[in-house]
Amino acid sequence: METRILGEDLKVSAIGLGCMGFSHAYGSPMPEEEAIKTIREAYDAGERFFDTAEIYRGVNEDGSINYNEELVGKALHDVRDKVVIATKFGIKNIEGKSSTQEVAVDSSPKTIRKSVEGSLKRLNTDHIDLYYQHRIDPKVEPEEVASVMADLIKEGKITHWGISEANADYLRRANEVCKVTAIQNRYSMMYREYEKLFSLLEELNVGLVAFSPLANGLLTGQFMQSKFPEGDLRNGMPQFSKEAIEQNKKLIALIERIAKEHNATPAQISLAWMINKKPYIIPIPGSRHLNRIEDNIAAANIKMSQKEVAEIDNTLDKIPMSEVFGGSKIK
């Protein structure tokens, strides 16, 4: 696996693994032992960058809680010094709400302190490589959050930190207090809103970790349907409505055409497009299936010229697309 540098010195694989889906947001959790086995097999296949979060959890058939961080910790414990683990703090489910899309934010210093200790325990590690603020808390100034991050770095509990769904002002202010290594924002062929941050990321030397790089599976071309199992967050995403599926056919056709030219899959082209665009973009697609994880990893080997990337961008500009699910509803 090709490696890249996030920020000043955090070496990660060019494509990471989003681990959320093993236990959270896509229906019933994957059986624990099977999930642990798959995460470890991803490591064996070359994966070295694994992403999880405090809030990622589900309920097993026996009623026990399936903590995503615990799965990651168990799968990678004996190779801990060879991998980069990212996790997140700052959001929690609203009491009485079952939707994975309805959450409350809390980035108070007290909560951060409690969260980091819980994550360290569940991950069974003495440090977190990349610790993200999962969502911006409007009640807490970025300088205050960054100050806590600086303290955690001094204490050795984390080595780098980042911000998910960051905006320019928040990022700049936070970075002035404690160097930000990466932002983790939604980015894909369907959602290019955060390209407006590229110049700032380059100015500050901050990486972009792209979540939902395959638009929650739509860009694989395998999920052209409007109904998913109960508890699957895609049931509420605009791009999977019947009308949107029809509208997005031109986009899928474009990706399939480019894929044929490169003897690749649509998913691989969607990932290769972004990693060839900028050296600091790291996509973190998720999957429960090893064959798809291996296919995603192989996308790092696809080379595109800047001219080809620009031509794809120009074509994307002209294709009408449905609205893309824009993130958690903050309550």
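Trp273 is buried in this predicted model, with a relative accessible area of 0%. Its ring forms a stacked aromatic pair with Tyr187, at 5.4 Å centre to centre and 25° between the planes. Tyr187 lies in the loop between strand E12 and helix H6, whereas Trp273 belongs to helix H9 (residues 266–277), so the pair ties together parts that are 86 residues apart in sequence.

**The cluster around Trp273**

- Tyr187, the partner of Trp273 in the stacked pair, is also buried, with a relative accessible area of 0%.
- Ring pairs join Tyr187 and Trp273 with Phe198 and Tyr280 in a cluster.

**Other aromatic contacts**

- Five aromatic pairs turn up in a search of the whole structure.
- One of the aromatic pairs is formed by Phe89 and Tyr131, whose rings are tilted, with 4.8 Å from centre to centre and 40° between the planes.
- This pair connects distant parts of the chain, since Phe89 is in strand E7 (residues 84–89) and Tyr131 is in strand E10 (residues 130–133), 42 residues apart.
- Phe89 has a relative accessible area of 1% and is buried.
- Tyr131 counts as buried as well, at 0% relative accessibility.
- Arg48 lies over the face of the Tyr43 ring, at 3.9 Å from the ring centre.

- Strand E13 covers residues 207–211, and five of its five residues are buried, so the strand is largely enclosed by the rest of the structure.
- Gly207, Val209 and Phe211 point one way from E13.
- Leu208 and Ala210 point the other way from E13, and the residues on both sides are buried.

**Strands paired with E13**

- Strand E12 (residues 182–186) runs parallel to E13, and five bridges join the two.
- Within this pairing, Ile183 stands opposite Leu208 of E13.
- Strand E14 (residues 281–283) also pairs with E13 in the parallel sense, over three bridges.
- Here Ala210 stands opposite Pro283 of E14.

**The unit built from E12, H6 and E13**

- E12, helix H6 (residues 198–204) and E13 make up a right-handed β-α-β unit.
- The loop between E12 and H6 in this unit holds Tyr187, whose ring is stacked with that of Trp273.

Methods: Residues are numbered from 1 along each chain as its sequence is written. This is a predicted model: local features need pLDDT of at least 70, side-chain atom pairs count only at pLDDT 80 or more; totals for chains, interfaces and linings use all residues. Side-chain values use heavy atoms; hydrogens and water are left out. Buried means under 20% relative accessible area, exposed over 50%, partly exposed in between (1.4 Å probe, protein chains only). Helices (H or I, at least four residues) and strands (E, at least two) are DSSP runs, numbered from the N terminus. Two strands pair if DSSP finds at least two bridges between them. A crossover is right-handed if, with the strands pointing away from the viewer, the path from the first strand over the helix to the second runs clockwise. Rings of Phe, Tyr and Trp (its six-membered ring) pair if their centres lie within 6.5 Å; planes under 30 degrees apart count as stacked, over 60 as edge-to-face and the rest as tilted. A charge sits over a ring if NZ of Lys or CZ of Arg is within 6 Å of the ring centre and within 35 degrees of the ring normal.
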